[in-house]
Amino acid sequence: MAEEAQNLEKKRIPMIQVKNLYKIYRVGDTKVHALDGVDFTIYKGEFCAIVGPSGSGKSTLLNMLAGLEKPTKGEIVIDRVHIEHMTENQLVGFRRERVGFIFQSYNLLKTLNAVENVALPLSFRGVPKKKRNAVAKKYLKLVGLEKQQDHMANAMSGGQQQRVGIARALAVNPKIIFADEPTGNLDSKTTMDILRLMQKIVREQNQTLIMVTHDNYLASFADRQFHIVDGKITKIEELHHGEYGAKQEEDR
Ligand SMILES: Nc1ncnc2c1ncn2[C@@H]1O[C@H](COP(=O)(O)OP(=O)(O)OP(=O)(O)O)[C@@H](O)[C@H]1O
Ligand SMILES: [Mg+2]
């Protein structure tokens with residue numbers, strides 16, 4: 001290995017380490033190996049895409065990394081802390097402090113307006129109202145919802161709600177952002193706008209982004225793609241492209 005490459009390797013800080021990870025669901029008499037011996041490391045500042053067919057274990061993996069579900073076996077080290085043995089209370093704290101989620105179903109509180117929804121996780125962290133509303137407005141503006149900031153969530157379109165969900169995840173400035181099909185309900189232009197925006201914010205704040213997607217084009221924006229089939233990582237692909245885009249973009 002060239003000296004330069006070695007130096008680069010040394011600077012990489014592990015953010016997520018997964019060792020020999022299994023998740024086995026029991027359904028009646030049968031066992032489903034949703035994750036079947038998974039190993040990898042994700043580094044600080046990386047944008048990783050998890051890709052694979054329906055039922056391959058993508059959401060299971062993401063939920064496990066985010067501390068939403070417990071593994072059957074194996075280790076998960078996030079930011080040097082083992083989370084696999086944490087109690088539910090410890091996991092609540094872990095999620096609150098370190099991670100942001102963007103779900104496919106945006107999980108907004110329908111009777112709160114956009115600002116209140118985005119500000120909610122900040123209130124759990126004890127940020128005073130004036131400050132958290134100001135932060136919420138800043139992120140709503142970033143996702144292009146400045147004009148809708150006072151709208152109730154249930155009076156917004158699917159795509160708008162999804163953008164509120166993205167603003168909510170980013171507003172707490174988490175070290176890691178987990179996104180499960182974050183743009184599944186958006187048209188292709190909005191999808192690209194949102195993806196570029198997420199990528200920009202994550203880079204600027206040196207956050208780590210893990211995104212599950214079915215969309216190969218979206219996945220082509222990642223630094224690395226993790227291919228998962230039947231609960232196993234079959235390939236980890238490194239992509240080389242410019243600062244804010246996929247290398248394939250010029251070809252489209
Ligand atoms: N709570 C559960 N109980 C039993 N089996 C489950 C449970 N959750 C997931 N599974 C099974 O585990 C496997 C992986 O599911 P998972 O949701 O992780 O797939 P996925 O890759 O996210 O699929 P999709 O692209 O359709 O969202 C599937 O076979 C699924 O049926
Ligand atoms: Mg899924």
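## Ligand shell and helix packing in a predicted model

In α2, the residues Lys 58, Thr 60, Leu 61, Leu 62, Met 64 and Leu 65 are buried, where a residue counts as buried if 20 or more other C-beta atoms lie within 10 Å of its own, as exposed if 12 or fewer do, and as partly exposed in between, with C-beta atoms placed from the backbone. Because six of the eight residues of α2 are buried, this helix is largely enclosed by the rest of the structure. Just after α2, Gly 67 takes a positive phi of about 75°. Helices (H or I, at least four residues) and strands (E, at least two) are DSSP runs, numbered from the N terminus.

This is a predicted model, in which local features need pLDDT of at least 70 and side-chain atom pairs count only at pLDDT 80 or more, whereas totals for chains, interfaces and linings use all residues. Residues are numbered from 1 along each chain as its sequence is written, while chains are lettered from A and ligands numbered from 1 in the order in which they are written.

### The shell around ligand 1

Ligand 1 is surrounded by Tyr 25, Val 27, Val 32, Ala 34, Gly 52, Ser 54, Gly 55, Ser 56, Gly 57, Lys 58, Ser 59 and Thr 60, a residue being near the molecule if its C-beta atom, placed from the backbone, lies within 6 Å of it. Two or more residues of this shell are given by each of β1 (14-27), β2 (30-43) and α2 (58-65), and the largest share, three residues, comes from α2. By class, the shell holds four nonpolar, seven polar and one charged residue; here Ala, Val, Leu, Ile, Met, Phe, Trp, Tyr, Cys and Pro count as nonpolar, Asp, Glu, Lys and Arg as charged, and the others, Gly among them, as polar.

The table gives the packing of two helix pairs, with axes fitted as lines to C-alpha atoms over the stretch in contact and angles running from 0 to 180 degrees between N-to-C directions.

| Pair | Angle | Axis distance |
|---|---|---|
| α4 (residues 114-124) and α5 (residues 129-142) | about 125° | 8 Å |
| α5 and α6 (residues 158-171) | about 130° | 9 Å |

The angle of about 125° makes α4 oblique to α5, given that angles under 35 degrees count as roughly parallel, over 145 as roughly antiparallel, 65 to 115 as roughly perpendicular and the rest as oblique. In the α4 and α5 pair, Ala 114, Val 115, Val 118, Ala 119, Leu 122 and Ser 123 of α4 meet Arg 132, Asn 133, Val 135, Ala 136, Lys 137, Tyr 139 and Leu 140 of α5, contact meaning that the C-beta atoms of two residues, placed from the backbone, lie within 7 Å. This contact of α4 with α5 comprises nine nonpolar, two polar and two charged residues.

With its angle of about 130°, α5 is likewise oblique to α6. Val 135, Ala 136, Tyr 139, Leu 140 and Leu 142 in α5 meet Ala 167, Leu 170 and Ala 171 in α6, and the residues of this contact divide into eight nonpolar, no polar and no charged.

### Two residues of α7

Val 202 lies in helix α7 (residues 188-204) and, with 19 C-beta neighbours inside 10 Å, counts as partly exposed. Leaving aside neighbours within four places in sequence, Val 202 is in contact with Phe 47, Ile 177, Gln 207 and Leu 209. The C-alpha atoms of Val 202 and Leu 170, 32 residues apart along the chain, are separated by 8.5 Å.

Ile 201 is also found in helix α7 and is partly exposed, with 19 other C-beta atoms within 10 Å. Between the C-alpha atoms of Ile 201 and Leu 68, which are 133 residues apart along the chain, the separation is 24 Å.
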